[in-house]
Amino acid sequence: MLKELQGKRVLITGSTTGIGLATARLFLQYGACVGINGRRGIDDPQVVEEFGRLPGEFSTFSADLTRSENCRQLVEAFVGRFGGIDVLINNAGGLGGRSPLEKIDDAFYDHVMDLNVRSVLMMTKFAIPYLREAARQTGITTAVLSTGSIAGRDGGGIGAGVYGSAKAWVHDIHRNWVKEFSKDNIRFNIVSPGSIDTAFHHGKSEEVLQKMRDSIPMGRFGASEEVAPTYLFLATHAFSGYITGQIVDVNGGQMAP
Ligand code: NAP
């Protein structure tokens, strides 16, 4: 079944660290052609070297996806390198800071929304023609997967309301795209992490981190490597060809409302 992943062309935004990097590694282990993206490249030369030894192929495309034109250029650069797109993973995103409602200004709003909403919208828009064509040529479904969040279900922490609602927007628009593009054999699913041990949580005090652990039934943060296989499952037609429009929570038992 996993033969399907050999040569599969997978573009993963925000894959230079954290969840995206672990996901890129997993796809490379199964022989996929992976596009790595961040504003910068992968920092750690040992990881670059390790990736070079894996069965798949990868190229790194630096781009700031808060700008629509950069999204267009990233899609075109990936297609120029690998000849098409079978799977788009919209993973770039982040908190973008915290602000109480009464202090939110246009710059804060634009930053959080550009990072978490515009990037997903524009990447998907520019990738659709290639996903449609790949599905037509291969006769199996292609896929868009986006990284949601438990914050998209529970509103997010205090000061992170714009982020939480941006992720809710991502959850919701996938359901719309199911209606528009199922005829083209493209599936849309969300991977929704709870609290995962990445740079996302850097800067929090030990007290805050412990409170967070205490709120998770499994009593610990998840690792990026524990999230990555869900993308692999949802990207693989043989595993998930009849699954679309779903949100898969990966959160150690935190109750997503
Ligand atoms: P991370 O390690 O900070 O990864 C973020 C990735 O996005 C990096 O590769 C970063 O690379 C890239 N990125 C940031 N801004 C970008 C931009 N403007 N354009 C292109 N790439 C950009 O954090 P993570 O936890 O793995 O986050 C991955 C996704 O999971 C995000 O969408 C986040 O909201 C979501 N999430 C995380 C958690 C958690 O607990 N960790 C929970 C729920 C959801 P550069 O810095 O080089 O740009």
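Phe 61, Phe 78 and Phe 82 come together as one aromatic cluster. The rule behind this takes rings of Phe, Tyr and Trp (its six-membered ring) and pairs them if their centres lie within 6.5 Å, calling planes under 30 degrees apart stacked, over 60 edge-to-face and the rest tilted. The model is a predicted one, in which local features need pLDDT of at least 70 and side-chain atom pairs count only at pLDDT 80 or more, while totals for chains, interfaces and linings use all residues. Residues are numbered from 1 along each chain as its sequence is written, and side-chain values use heavy atoms, with hydrogens and water left out.

Counted this way, there are 7 aromatic pairs. One of them, Phe 51 with Phe 58, is edge-to-face, at 5.8 Å centre to centre with 85° between the planes. Both Phe 51 and Phe 58 are buried, where buried means under 20% relative accessible area, exposed over 50% and partly exposed in between (1.4 Å probe, protein chains only). Another pair is Tyr 163 with Phe 200, which counts as tilted because the planes sit at 50°, with the ring centres 5.7 Å apart. This pair links distant parts of the chain: Tyr 163 belongs to helix 6 (residues 161–181), Phe 200 to the loop between strand 6 (186–193) and helix 7 (206–214), and the two are 37 residues apart. Helices (H or I, at least four residues) and strands (E, at least two) are DSSP runs here, numbered from the N terminus. Tyr 163 has a relative accessibility of 8%, so Tyr 163 counts as buried, whereas Phe 200, at 33%, is partly exposed.

Tyr 163 also turns up at the ligand. The shell there holds 32 residues, and the closest are Thr 16, Arg 39, Tyr 163, Thr 198 and His 201; a residue is taken as near if one of its heavy atoms lies within 4 Å. Helix 1, strand 2 (33–38) and helix 6 each supply at least two residues of this shell. A backbone N or O atom of Leu 65 lies 2.9 Å from a nitrogen atom of the ligand. A polar backbone atom of Asn 91 is 2.8 Å from a ligand oxygen, and an N or O atom in the side chain of His 201 is 2.6 Å from an oxygen atom of the ligand. Taken alone, the ligand exposes 880 Å², and the protein buries 93% of that; accessible areas come from the Shrake-Rupley method with a 1.4 Å probe, and for residues only the protein chains shown count as cover.

Back to helix 1 (residues 18–29), one of the elements contributing to that shell. Its 12 residues reach 17 Å from first C-alpha to last, close to the 16 Å expected, the expected span being 1.5 Å times one less than the number of residues. Helix 1 is mostly covered, with 10 of its 12 residues buried, among them Ile 19, Leu 21, Arg 25 and Phe 27. Gly 31 follows helix 1 and has a positive phi, near 85°. Ser 224 counts as buried, at 6% relative accessibility.

As for charged side chains, the count comes to 15 salt bridges, each a side-chain nitrogen of Lys or Arg within 4 Å of a carboxyl oxygen of Asp or Glu. In one, Arg 132 meets Asp 184, the closest N and O atoms being 3.3 Å apart. Arg 132 lies in helix 4 (residues 106–138) and Asp 184 in the loop between helix 6 and strand 6, so this bridge ties together parts that are 52 residues apart in sequence. Arg 132 is partly exposed at 34%, and Asp 184 is buried at 16%. Asp 184 also bridges to Lys 183 (3.1 Å, N to O), and Lys 183 is exposed at 66%. Salt bridges that share partners also join Arg 67, Asp 114 and Arg 118 into one network. Within helix 4, Glu 133 and Arg 136 sit 3 residues apart, about one turn of the helix, and their side chains meet in a salt bridge at 2.8 Å, N to O.

How values were computed: Polar contact = N/O pair within 3.5 Å; in protein donor to acceptor, adjacent residues only side chain to side chain.
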